[in-house]
Amino acid sequence: MPTWKLILEYDGAKYSGWQEQKNARTVQGQLRKAAEDFFASAVDIQGSGRTDAGVHARAQVAHLRVQPKPGSKRRNFPSPDQILRALNDRLPADVSILDVAEADARFHARHDALSRTYVYQISTRRSAFAKKYVWWVREPLDTAAMSRAARTLIGRHNFVAFRAPDPSRPDESTIVEIEDAGIEVDGDMIFFHITGSHFLWRMVRRLVGVLVKVGAGDLTLAAFAQLLEGRTVPAFDVAASTAPASGLFLEKVTYARDAAIRKIPGT
């Protein structure tokens with residue numbers, strides 16, 4: 001089946017997440033609808049990972065495969081640029097294809113991904129324009145303490161204290177390898193970035209919420225370390241500290257350099 005690698009951005013505010021669901025508006029569902037309308041054929045679309053309801057993406061990656069109709073003859077498919085333009089013409093304004101490239105037939109957007117990077121945006125002041133894309137935290141925050149806590153995330157840890165139980169993946173391991181994590185401050189904005197092999201359900205938003213508790217002085221660095229060891233902290237509810245979806249962006253998905261390159265027969 002012909003396969004393409006898609007890179008897309010979306011404003012997740014009006015969607016029930018990436019993954020298709022019955023009776024819900026999702027990004028994957030909108031993309032499938034646009035692709036099937038253009039190709040007049042069934043398609044296989046899979047993303048690099050699920051983003052929750054209200055979460056945004058600056059560079060989600062998906063693979064697109066077109067399934068030939070039974071008995072149909074091989075035909076020429078449109079160029080990547082034609083696909084990009086056609087899909088964007090059919091997609092709602094809050095979803096945009098940024099790039100389309102021919103890919104190897106075996107390329108899988110989720111299985112071949114080496115790492116994902118998320119960025120969370122916190123505003124320390126009220127904003128008339130950025131409300132949909134930040135979490136406004138009114139309390140003064142000790143960003144130095146938040147930064148120290150964030151740096152301890154790097155490495156291989158058991159994030160059981162920071163995940164929400166996922167009914168679709170009951171046996172999922174809670175061990176995650178974090179390549180990089182940190183806090184950056186730019187004026188009234190605080191940015192938390194984290195890169196990892198994968199992420200558990202609501203893990204990033206819970207990490208942000210707990211980091212804010214550290215910054216506000218409601219949780220010590222020692223208690224944060226205890227959570228990172230997979231242990232509970234008495235009288236502290238991690239789930240209740242979950243940051244809102246509005247400030248979270250899927251920033252980047254990394255692949256081996258040749259993971260999605262179309263293979264030429266005989267090479």
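User: What makes helix 4 and helix 5 roughly antiparallel?

Analyst: Helix 4 (residues 203–215) and helix 5 (residues 221–228) pack at an angle of about 160 degrees, and their axes are 10 Å apart. Angles under 35 degrees count as roughly parallel, over 145 as roughly antiparallel, 65 to 115 as roughly perpendicular and the rest as oblique. That makes helix 4 roughly antiparallel to helix 5. The axes are lines fitted to C-alpha atoms over the stretch in contact, with angles running from 0 to 180 degrees between N-to-C directions. As for the crossing of these two, it is right-handed (the near helix is turned clockwise from the far one by less than a right angle). One caveat: this is a predicted model, so local features need pLDDT of at least 70, side-chain atom pairs count only at pLDDT 80 or more, and totals for chains, interfaces and linings use all residues. Residues are numbered from 1 along each chain as its sequence is written, and side-chain values use heavy atoms, with hydrogens and water left out.

User: Which residues meet between helix 4 and helix 5, and how many of them are nonpolar, polar or charged?

Analyst: From helix 4 you have Val210, Leu211 and Val214, which meet Leu221, Phe224 and Leu227 of helix 5; contact here means heavy atoms within 4.5 Å. The classes come out as 6 nonpolar, no polar and no charged residues. In this scheme Ala, Val, Leu, Ile, Met, Phe, Trp, Tyr, Cys and Pro are nonpolar, Asp, Glu, Lys and Arg are charged, and the others, Gly among them, are polar.

User: Why are the buried residues of helix 5 said to line one face?

Analyst: The buried ones are Ala223, Phe224, Leu227 and Leu228 (buried is under 20% relative accessible area, exposed over 50%, partly exposed in between, with a 1.4 Å probe and protein chains only). Looking down the axis of helix 5, these residues fall within an arc of 145 degrees, so they line one face of the helix. The arc is taken from the directions from the helix axis to the C-beta atoms. Their cover includes helix 3 (143–151), strand 7 (155–158) and helix 4. After helix 5 comes Gly230, with a positive phi near 85 degrees.

User: Is Gln30 buried or exposed, and how do you know?

Analyst: Gln30 sits in helix 1 (residues 27–39). Its relative accessibility is 19%, so Gln30 counts as buried. Leaving aside neighbours within four places in sequence, Gln30 is in contact with Tyr15, Arg25, Leu91 and Pro92.

User: What about Gly54: buried or exposed?

Analyst: Gly54 lies in the loop between strand 2 (43–47) and strand 3 (56–66). With a relative accessible area of 14%, Gly54 is buried. Beyond neighbours within four places in sequence, Gly54 is in contact with Gly12, Ala13, Tyr15, Ala245 and Ser246.

Note on methods: Helix = DSSP H or I, 4+ residues; strand = E, 2+ residues; numbered from the N terminus.
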